[in-house]
Amino acid sequence: ARVMAAQAAAAGIRALLFDLDNTLVDTAGAGSRALRRVEDLLKSQYGYEESTAKLVIEKFNTKLQMENLDCIPGVNVDEERILLFEAALQETDGLDPDQGLAAKCYFLWKATRLQHMHIPDEVKAMLRSLRQSYKLLLLTNGSAMVQREKISACQCQQYFDTIVIGGEHQEQKPALSIFQKCFQLLGVKADGCMMIGDSLDTDIKGGVNAGLGATVWINNTNLKCDKGAVPDYTVKSVLEVMDILGKEQSKV
């Protein structure tokens, strides 16, 4: 019954809500390339052994994954992330942290990551095509500064009617309030919207709880879907959204 409801709903979809990171843009891949650049810097210019340089990178990356700056108003993300590199360097070699080196590592990582962040051409073409029939909204969690920099690097503005950044609102995905804000901006009811994203915890759970017409999970890392939030559709790539919308509309 759920599948039939989802298929019927897809035919009434008027707006598409897209997540950004690891849905439209390979943020994880860009981040990995950036970490390798920093590792090379530590080895080539600062005499770090390969194993030690790798450990610094691992420690920074672990701290970055655990970071939760979104709920702190007015936080300077650059300063906070330099401190993460400082701690990673100190924990690895036990020396007093060299703030200059931490800043160099961080700004190299940041610049390299942004440089490798782009929406692939075939995804751009899909967004252009979808926008002829649907309203498109970009809904991304994260610090306003960091997400605005990514949005600018990827030139996202031209593909979307509206952009909503979690860090600029009281609550982020999966909170109901941010989805309600999206419905209001789009002028479309919940059941006329489809959420497309790679996170079960934020995109899919949020979309299901907000009563969206359909949810599409981009499972690009072969994860198992837990019982928490069950997506209507599971796909490997965001490009499959076209097929989902096409098939469902032709059924009605």
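**Core and charged pairs**

Trainee: Leaving aside neighbours within four places in sequence, which residues is Leu-16 in contact with?
Mentor: This is a predicted model, in which local features need pLDDT of at least 70 and side-chain atom pairs pLDDT 80 or more, whereas totals for chains, interfaces and linings use all residues. Residues are numbered from 1 along each chain as its sequence is written, and side-chain values use heavy atoms, without hydrogens or water. Taking contact as heavy atoms within 4.5 Å, the partners of Leu-16 are Leu-130, Tyr-134, Lys-135, Leu-136, Leu-137, Met-194, Ile-196 and Leu-245.

Trainee: Which residues touch the most other members of the largest nonpolar core?
Mentor: Such a core is a set of buried Ala, Val, Leu, Ile, Met, Phe, Trp, Tyr and Cys residues joined through side-chain atoms within 4.5 Å, buried meaning under 20% relative accessible area with a 1.4 Å probe, protein chains only. Of its 34 residues, those touching the most other members are Leu-16, Phe-18, Leu-24 and Phe-160.

Trainee: Is Lys-173 buried or exposed, and which residue forms a salt bridge with Lys-173?
Mentor: Its relative accessible area is 5%, so Lys-173 is buried. A salt bridge needs a side-chain nitrogen of Lys or Arg within 4 Å of a carboxyl oxygen of Asp or Glu. The closest N and O atoms of the pair are 2.7 Å apart, and the partner of Lys-173 is Asp-203.

Trainee: Which residue's backbone oxygen lies 2.8 Å from a polar atom of the Lys-173 side chain?
Mentor: Among the residues that Lys-173 touches are Asp-19, Thr-140 and Leu-139. The backbone oxygen at 2.8 Å belongs to Leu-139.

Key:
Buried < 20%, exposed > 50% of the residue type's maximum accessible area, 1.4 Å probe, protein only. Polar contact = N/O pair within 3.5 Å; in protein donor to acceptor, adjacent residues only side chain to side chain.
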